[in-house]
Amino acid sequence: MHKESSNKRTRDKHSHFLFVDNPSISKKKCSRLSANANKYLGIDIGNILTGQIFEVCTALSQKEQKLFVSAISNPLCSQEVHEESEQFKNYSSRIVVSKFPGVTDDEGLCAQRAVENVLQRTISPYQKVFVHQLYWFTIKLEQKDLAALANRMLGNPLIHRFEFSPPYA
């Protein structure tokens, strides 16, 4: 999902690109997460959908946004979607896993370098592309269950921050 803009640089200096993982590729990871959540936390999380948000903290023209998507996407592994997509209608809970400020986001750095190569210009000498992992669940989970799942299975609370919400309220 990325914001539409004119050919001029966007006034909003942040662009967000939402990708959903191909379910056939993430199936094993998701079933392992579901089994472990049930076994170790006693939480039934239902079916899971995974994805990423690439956050670009600098202005990109519409053409550069398209080049960004082509540089970081792999149609075999994931697809770009919009937050309003019908794909999310069956999901009731969501966890976003992000790195705290000051923690190196290696995936974001790689994406930034790939985009800089495609654009043939340096975006910034500093990190401007960040990746957030997303998990959607078909079962509406309580805040305490989402927190337990995030802190114990999806990230390290020393380096990750977690956001919990309905898929797109």
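**Strands, helices and a pocket**

Modeller: Keep in mind that this is a predicted model. Strand β4 (residues 93-99) pairs with strand β5 (residues 129-137) in the antiparallel sense, over 5 bridges.

Biologist: Which residue is the bridge partner of Val97 in β5?

Modeller: Gln133 is the partner of Val97. Another bridge links Ser93 to Phe137 of β5.

Biologist: How many bridges join β4 to β6?

Modeller: 6 bridges, and β4 and β6 run antiparallel. Within that pairing, Arg94 has Ser165 of β6 as its bridge partner.

Biologist: And how many residues of β4 are buried?

Modeller: 6 of its 7 residues, so β4 is mostly covered.

Biologist: Zoom out. What is the strand order in the sheet?

Modeller: The order is β3-β1-β2-β5-β4-β6, an open sheet of 6 strands with antiparallel pairing. The edge strands are β3 (78-81) and β6 (160-165), and each of them pairs on one side only. From one strand to the next, the twist averages 25°.

Biologist: What holds paired strands together in general?

Modeller: Backbone hydrogen bonds, in either a parallel or an antiparallel arrangement.

Biologist: Now β1. Which strands does β1 pair with, and over how many bridges?

Modeller: β1 pairs with β2 over 6 bridges, and with β3 over 4 bridges. Both pairings are antiparallel. Phe19 has Gln52 of β2 as its bridge partner. Asp21 has Ser78 of β3.

Biologist: How many of the residues in β1 are buried?

Modeller: 6 of 7, which leaves β1 mostly covered.

Biologist: Switching to helices. Which strands does α1 lie across?

Modeller: α1 lies across β1, β2 and β5. Its direction is at about 110° to β2. α3 also packs on the sheet, where α3 touches β2, β4 and β5. The angle between α3 and β5 is about 125°.

Biologist: Pick a residue in α1. Is Ser26 buried or exposed?

Modeller: Ser26, found in helix α1, is buried. Its relative accessible area is 9%, and the cut-off for buried is under 20%, so Ser26 qualifies.

Biologist: What does Ser26 touch?

Modeller: Asp21 and Thr50, not counting residues up to four places away in sequence.

Biologist: Compare that with Phe130. Where is Phe130, and what is its relative accessible area?

Modeller: Phe130 is in strand β5. Its relative accessible area is 25%, so Phe130 counts as partly exposed, a class that lies between the 20% and 50% cut-offs.

Biologist: Which residues is Phe130 in contact with?

Modeller: Leaving aside neighbours within four places in sequence, Phe130 contacts Ile53, Phe54, Glu55, Cys57, Asp105 and Gly108.

Biologist: Last topic, the largest pocket. What volume does it have?

Modeller: About 190 Å³. The largest pocket is lined by 13 residues, and the closest to its centre are Asp21, Gln52, Cys77, Ser78 and Glu107.

Biologist: Which elements give two or more residues to that lining?

Modeller: β1 (15-21), α1 (23-41), β2 (48-56) and α3 (106-119).

Biologist: And the lining by class?

Modeller: 6 nonpolar, 5 polar and 2 charged residues.

Technical notes
Residues numbered from 1 in each chain as written. Predicted model: local features only at pLDDT ≥ 70, side-chain atom pairs only at ≥ 80, totals over all residues. Heavy atoms only, no water. 1 Å grid on protein atoms, 1.4 Å probe; cavity = no way out; pocket = protein on both sides within 12 Å on 5 of 7 lines; lining within 4 Å. Points joined across faces, edges and corners; volume = space filled by probe spheres on them. Nonpolar A, V, L, I, M, F, W, Y, C, P; charged D, E, K, R; others polar. Buried < 20%, exposed > 50% of the residue type's maximum accessible area, 1.4 Å probe, protein only. Contact = heavy atoms within 4.5 Å. Pairing = 2+ DSSP bridges. Axes fitted to C-alpha atoms, helices over the stretch in contact; angles between N-to-C directions.
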